[in-house]
Amino acid sequence: ASTADWWRSAAVYQIYVRSFADGDGDGTGDLAGVRAHLPHLAELGVDALWFTPWYLSPLADGGYDVADYRTIDPAFGTLAEAEKLIGEARESGIRTIVDIVPNHVSDQHPWFRAALAAGPGSPERELFHFRPGRGANGELPPNDWPSEFPGAPAWTRVPDGEWYLHLFTPQQPDLNWAHPAVRREHEDVLRFWFERGVAGVRIDSAALLAKDPALPDFVEGRDPHPFVDREELHDIYRSWRAIADEYGGIYVGEVWLPDRDRFTRYLRPDELHTAFNFDFLSRRWDAAELRRSIDATLADHAPVGAPATWVLCNHDVTRTVTRYGRADADTGFAFEAKRFGVPSDPALGTRRARAAALLTLALPGAVYLYQGEELGLPEATPPLDRIQDPMHFRSGGTDPGRDGCRVPLPWSAAAPHHGFGTRAPAEPWLPQPDGWGRYAADVQATDPTSMLTLYREALRLRRTEPRLGDGPMRWLAAPDGVLAFARGGDGGLVCVVNLDAEPVELPPHAAKLLTSGPLAGDGGLPRDTAVWLRL
Ligand code: TEU
């Protein structure tokens, strides 16, 4: 792939800044922590870093509540430091992707504060969705839309009696995307970050933004939907694409849409470059099911010319090892399973996560990794009184929320708090569970059987092996419960994954490039194990 096409085959590493590494000793991860660990990322061999929002924010939703899109939150660092980090990463061959949150702002954003102060009927309120309530005294929300976080309507009433719309928490008022000032502002913000050398932008909640101006009640199955996947979005993304093209930058959309045909419309050549494919998150560890998912994904992407992407984890879902460690019936359905705390076998989960890593890294397209996946971290269960995720509060405390995958990383087994602080050790903002040191990067770096070593070797092969990344693949005949496919033509690279069968025989003359776990005594590939072969 040419350098302009880097994103088509990239391995992108997601950094949840507040939990990655703490450089200034206040217990919160920051840019200094990331800079200190750039050697880890370079040695891991990823092509780009995606930073979850690092902007000024009251952190009501971990930074997805932005008070100023042009300022780095002082807890994380400064703009000058972000620019330095972008440059240093680039020197190590690593590109930077920033996260833009266009659907909503923080209630501390100057626009929202001005709208509150200016009162009903003011032009300031037109930047948001303010409405009078229903009921005799306006005591009922303007419509019946639910918010994304459980347990509450998408409306909050302000002291003067009007209500404002927020599809997420009340601290995240939705912008009015029909207003030209909202569009202009975000176009400026995109330019601001491209000017600072970022290679790409992740677009948060990219299928939201536009709303039916009549704000009608929600009717199941009505098309168009009043606030998801509306036609107006495509015009917005076309104008954004023109901006990215000026800079050679790319977009990766967070487009949560179950309908694949609707999803790939966002990937037309003049819209977003690529989008997360979340399909594996709701798939069981089952060969037939994963094969169907892979085929459908590739078939849907091909006509628009966009590469597929593969996602096993992110900051919103149960960590891979824990998900795959659950009894078969519960391995998928990340969101429901997380809510009900289904038990998980860490050894089984780790074996499958290792095999899944080799599977996704061998599939055509780009791969998005979430920090700690390379360490094989399981989902943690932080004490409920330490959880900060609004999902937890909005559920009335019944849902532990998403903080279990956001626990500060262990870097050094023997150091206080396992080296989360790169200089001064301070109590991390979320406690690390007992035994977290066993996953520390320093112990894994010298262990040939560790998850870190597996990821390093797989990513090294991915960088040197032109057949991996975007391009054609071909299924090979395999027993039930086994996936086998080839990349490239004769003498190509073959990936075999045994999900659920007795040990399978491997071709006798194939060179084993990498295996996710030990082979059986007779050289067969055991259940829950993957191998890369060269024929
Ligand atoms: O997530 C968008 C989104 O739709 C989430 O509600 C997702 O469905 C949920 O987290 C799954 O458990 C993005 C961010 O990734 C998330 O962290 C933010 O909370 C959300 O937007 C609001 O900005």
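In which sense do E2 and E5 pair, and over how many bridges? In this predicted model, strands E2 and E5 are joined in the parallel sense over 3 bridges. Within this pairing, leucine 49 stands opposite threonine 96 in E5.

Strand E2, which spans residues 48-51, also pairs with strand E1 (residues 11-15), in the parallel sense and over 4 bridges. Here tyrosine 13 has leucine 49 of E2 as its bridge partner.

Strand E5 (residues 95-100) pairs in turn with E9, in the parallel sense, over 4 bridges. Aspartate 99 is placed opposite arginine 202 in E9. Strand E9 comprises residues 200-203, and both of its faces are covered. Gly200 and Arg202 lie on one side, Val201 and Ile203 on the other, and all are buried.

Valine 201 has tyrosine 251 in E10 as its bridge partner. Together with helix H7 (residues 232-247), E9 and E10 make a right-handed β-α-β unit.

At the level of domains, the assignment gives domain 1 as 3-103 + 180-456, domain 2 as 110-165 and domain 3 as 472-534. The C-alpha centres of domain 2 and domain 3 are 57 Å apart.

Definitions and conventions
Residues are numbered from 1 along each chain as its sequence is written. This is a predicted model: local features need pLDDT of at least 70, side-chain atom pairs count only at pLDDT 80 or more; totals for chains, interfaces and linings use all residues. A residue is buried if 20 or more other C-beta atoms lie within 10 Å of its own, exposed if 12 or fewer, and partly exposed in between; C-beta atoms are placed from the backbone. Helices (H or I, at least four residues) and strands (E, at least two) are DSSP runs, numbered from the N terminus. Two strands pair if DSSP finds at least two bridges between them. A crossover is right-handed if, with the strands pointing away from the viewer, the path from the first strand over the helix to the second runs clockwise. Domain bounds come from an automatic or database domain assignment.
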